[in-house]
Amino acid sequence: QVQLVESGGGLVQPGGSLRLSCAASGISFSIYTMAWYRQAPGKERELVASITSGGTTNYADSVKGRFTISRDNAKRVVYLQMNSLKSEDTAVYYCKADRIVLGAVLGYWGQGTQVTVSS
């Protein structure tokens with residue numbers, strides 16, 4: 001049974017920081033590309049950042065220079081360090097694990113964690 005469990009969300013003031021964690025079980029974590037997505041009210045879910053099994057990272061333009069994605073394969077955890085948070089970062093943040101199997105994407109989602117940036 002695959003489980004992705006996010007934690008670390010909450011309420012933070014503009015300019016503040018949060019670190020999200022996503023703990024994985026039931027998958028061979030090290031071979032999956034891990035990613036963080038977010039969905040704000042009334043908006044589509046969007047990719048925030050991703051990290052491949054080899055450690056290559058990719059970021060949305062809106063978070064470059066502020067957010068950092070990392071992974072600990074031994075602990076089976078992916079992190080999202082979020083600095084200089086803005087009100088527009090308010091969203092539910094989801095963890096996703098992806099792997100290409102026979103040419104198709106095999107993906108799993110977490111349940112999400114709320115991040116609210118407000119004074």
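A residue counts as buried when its relative accessible area is under 20%. In this predicted model, D89 has a relative accessible area of 1%, so D89 falls on the buried side of that cut-off.

Take the arginine partners of D89 one at a time. With R38, the side chain of D89 meets in a salt bridge with an N to O distance of 2.9 Å. This pairing ties together distant parts of the chain: D89 sits in the loop between strand 8 (77-82) and strand 9 (91-101), while R38 belongs to strand 4 (residues 33-39), and the two are 51 residues apart. R38 has a relative accessible area of 6%, which means that R38 is buried too, given the cut-off of 20%.

The other arginine is R66, whose salt bridge with D89 brings the closest N and O atoms to 2.8 Å from each other. Here again distant parts of the chain are linked, with D89 in the loop between strand 8 and strand 9 and R66 in the loop between strand 6 (57-59) and strand 7 (67-72), 23 residues apart. Both D89 and R66 are buried.

E46 pairs with R38 through their side chains, N to O at 2.7 Å. E46 has a relative accessible area of 36%, and because this lies between 20% and 50%, E46 is classed as partly exposed. As a bit of background, side chains of opposite charge can pair when their charged atoms come close. Across the whole structure, the search turns up five salt bridges, among them the E46 to R38 pair, the D89 to R38 pair and the D89 to R66 pair.

Next come the cysteines. The count of disulfides comes to one, and this link joins C22 to C95 with an S to S distance of 2.1 Å. C22 is in strand 3 (residues 18-25) and C95 is in strand 9, so the bond connects distant parts of the chain, 73 residues apart. About the S-S bond the angle is -80°, and the link of C22 and C95 is left-handed. In general terms, a disulfide is a covalent bond between the sulfur atoms of two cysteines. Neither end shows on the surface: C22 is buried at 0% relative accessibility, and C95 is likewise buried at 0%.

V101 lies in strand 9 and, with a relative accessible area of 31%, is partly exposed. Together with L102 and L106, V101 forms a nonpolar patch on the surface, and the three residues have about 290 Å² of accessible area together.

Last up is T113, found in strand 11 (residues 113-117). At 11% relative accessibility, T113 counts as buried because that value is under 20%. What does T113 touch, leaving aside residues up to four places away in sequence? The contacts are E6, S7, G8, G9, L20, A91, V92 and Y93.

Notes:
Residues are numbered from 1 along each chain as its sequence is written. This is a predicted model: local features need pLDDT of at least 70, side-chain atom pairs count only at pLDDT 80 or more; totals for chains, interfaces and linings use all residues. Side-chain values use heavy atoms; hydrogens and water are left out. A salt bridge is a side-chain nitrogen of Lys or Arg within 4 Å of a carboxyl oxygen of Asp or Glu. Buried means under 20% relative accessible area, exposed over 50%, partly exposed in between (1.4 Å probe, protein chains only). Helices (H or I, at least four residues) and strands (E, at least two) are DSSP runs, numbered from the N terminus. Patches are made of residues with over 30% relative accessible area and no salt bridge: like charges are joined within 9 Å, nonpolar side chains (Val, Leu, Ile, Met, Phe, Trp, Tyr) within 5 Å. Accessible areas come from the Shrake-Rupley method with a 1.4 Å probe; for residues, only the protein chains shown count as cover. A disulfide is a pair of cysteine sulfur atoms within 2.5 Å. Contact means heavy atoms within 4.5 Å.
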